Amino acid sequence: MSEDEENREMIEIFVMGKRYKVPKGLTIMTALEYAGYKYVRGCGCRGGFCGACATIYRTEDEYKFKMDLACQTAVQDGMFLVQLPFVPAVREDFDIEEVDPKENDNVMLDYYSEIARCVSCNTCTKACPQDIEAMDYVQAALRGDVERCADLSFDCIQCGLCSIRCPADIKHYHLAQLARRITGRYIHEHSDELEKRVQEIKNGEYDDKMKEMVEMEMEELKKLYEERDIREEG
Amino acid sequence: MEEGYLYYPGCTLKTKASDYEESAMAVMEALGKPLVEMDDWYCCGAVQSLTEDDIMHQIAPIRTMCCAQEQGEKEVVTLCDMCYNVLKQANERMKEKPDDLETMNEFLTEDPDYLGEVDVHHIFEILRDMKDEIKKKVKKPITDLKIAPYYGCMLLRPDHVAIDDTEDPHIMEGLLEAIGAEVIHNPKRTECCGSYHTVNRSDIVEKRVEDIVSRAVKDGADAIALSCPLCQFNLDFHQRNTEYDIPVFYLTELIALAMGIEVGMEKHKIDPKSLLKDKKILE
Amino acid sequence: MKVDRSKKAMDFLDKVEELSGESVNACIRCGTCSAGCPFVEDMDVLPERIFKRIVLGDKEGILEKNTMWICAACFTCSVRCPRDIDIAKIMEAVRQIVLRHNIDMVDVDDVENMKELPQLAVVGCFRKETG
C-alpha cells in the first residue's frame, strides 16, 4: 500500500468498466489522472469555463445517467465513468451581415432546420451542467424569438451534452451561439461607449498600461484587481 | 378565465401568421372577451402522431396542457387549425387512455401530474357562440364581397375532434353572413390543400391549390376565407403558378374589417388591399 | 404481385395492426378511400391496394411504393370508410415502420425556400418524414 493510500481516505471508481482506488475529494478529472490516464483532448481550462471536459457517469443504485463537467464534479464512491473527447456536431457557417432577423424571421430555422424536430422532451435541459433551460431556448428559436434564445442560453459553455442526448439531433449550443451573435449585431442597442473604447485600444492608448501589468508580480496584480474602480464615469 | 380566454398561439402565429393573431386578438378584445396568451407553451408538433405506442410525440401538447393547468385554467383556445387538431387529439387520448396518461406523468417528472381536466377549443367555436354580439358590433358590413369559405382538414377530421359536420360544415358560412358577406359555396372547401408537402413536394400542393381556387373563382368568389396558417400559405403563395390571384383572408381579418377595426394584412402574398379598396371597404 | 404467407411476411401485417390499432382484414376493398383521396393521382398505387398488399404479406412491394409518403394524413378516407377503419393510422404505421430505422424521406439540411415557409409546414413535414 502506498503512502498516499495510508494517509488518505480512498474510494472506488470504475473507468470504462475497470476498477480503481482513488483519494476522496478529487474531481473526476484529477481522479482519472491519478488513475494513470492522460488527457490529450477533452480537457481545457480546468476551471469550469471552457466546456471541453463534458463527461457522462452513473452512480451506484441510480438508473439515470448524469452529465457534468469533469473538472467541476467530485468523484463519489462507486461512480462509473467515461470521458467524452469531443462532440462532433455540425456548426453551420454564416455571414453575420446576412442574418438580420428583420429580413428573415425564419433565420434560426433556416440555419438549423432540425429545431423543427424538437418534441419538447426536455432531455437537453436535464443534461445541461450549467442549468440552462435548453428546451425553452430551442422553442424560442423555433417561434422566431432570437433574443429570448440568446438570453436563455447566455451561460452556455458549449460542452455539447445537450446535443449528444437530443433524440431530434438538434445542435443546441451552435444554434444558441448564432442567436447570441444575431442579438449582438441586430437586436441590442448600439453602444457608442464600446465603439469609443475599441478605437482607443486601436490607437494604442492602453499599450503602456498593458505592458506594465504584464510585468507585474502576481500579488501586486491581485491587489490592483481588488481595488479597481468600476464606478460609472460622469 | 372570467375576463376572456387563455390563448395558445403556436409558433407560426408569432411569425408568418402574425396577421391572424393581430386580427383575432383585436376582434376578441372588441367583443369583450380578450385572448390572454399562456405564460408558457410549446410547439405542438403540427401533425398528430397516429401510432398506438408513440407517447413521445404527445409530450409537447401535454406539456402545454400542464401549463394551462398550472395557470388554474380549464380551457385553452387556439387560432391555428393544426395546433387545435394536435392539442385536441393528444388531450383526448390522455383522457381516454389512463395508461397513456400515467406513462406521460411518469416521464414529465419536472411538472405536477396532468389531471386531464383541460379542454381545447378553436376560435371558431367561440365566435360561433358569439354571433349575435358580432352582428351588433358590425359597423361596415362587407356586403359587396363574395367570399368562398375554405375549411381544409384539421377543423373537421378526424370526426372525434370536428368542430362542425365533417362533410357539410356551416360554421364559417354563418359568421360570414353575420358580417354581411355574400357566401360562395365551394364544394372543394373541405379538401386538403396539400399540407406539409409544400416543403418538399410543392408540385402536389400546386395541383391542389389550382383545383380549390379555380372552383371558387368559377363560382364567382372574390376571395377565400379560412383560419389555418398552412392552408393560408399554400392557397396564397401557390397561386403564383396558376392563372388566379384572389386574396386569401383569415376570417378574423374580415370580421375585424366589418367591425371597423384596422388590421395590417401585411404578410399576404396576394395583396388584399386593392380588392378591399375596389369594394369601398378600405379607403 | 407475389403472395407471401411466411411468418416474416405475416409479421408485417401484425406490426401494421399493432402500430395502427386498426384491423387491416376488415377492409372490403370498396374503394371509398381511393375515391375521396385528393392525392391519388400522385400515388403509385391506390390506398385500398396497399391494404391488399399488407394482407398478402407483400412488405417489399409496399415499401417501394410512394403511397404512404404522398398521404398527408388529411383523414378524408378515415371519416368515410364504411368499415370504420382509420386508414390514416394504417398509412402512419407503414411510414413508421420505415422511419424507425433512422431513415429520413426529406433532406433536413436542404429545404428550398426555408425563408418563406411557415414553421408548421416544416415541423409537420419533419414529423411525418424523418426518423
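1. Starting with chain A: seven residues of its domain 1 are in contact with seven residues of its domain 2 (contact being C-beta atoms, placed from the backbone, within 7 Å). This is a predicted model, where local features need pLDDT of at least 70, side-chain atom pairs count only at pLDDT 80 or more, and totals for chains, interfaces and linings use all residues. Residues are numbered from 1 along each chain as its sequence is written, with chains lettered from A and ligands numbered from 1 in the order written.

2. On the domain 1 side of that contact, strand S4 (residues 66–69) of chain A gives the largest share, three residues. Helices (H or I, at least four residues) and strands (E, at least two) are DSSP runs, numbered from the N terminus. By class, this side has five nonpolar residues, one polar and one charged. Here Ala, Val, Leu, Ile, Met, Phe, Trp, Tyr, Cys and Pro count as nonpolar, Asp, Glu, Lys and Arg as charged, and the others, Gly among them, as polar.

3. As for bounds, chain A is assigned domain 1 (3–83) and domain 2 (96–187); such bounds come from an automatic or database domain assignment. The C-alpha centres of these two domains of chain A lie 30 Å apart.

4. Now the contact between chains C and B: chain C puts in 33 residues and chain B 37 residues. Helices H1 (7–20), H6 (76–80), H7 (87–99) and H8 (119–129) of chain C each give two or more residues to the chain C side. H8(C) gives the most, with nine residues. The chain C side divides into 19 nonpolar, seven polar and seven charged residues.

Methods: Contact = placed C-beta atoms within 7 Å.
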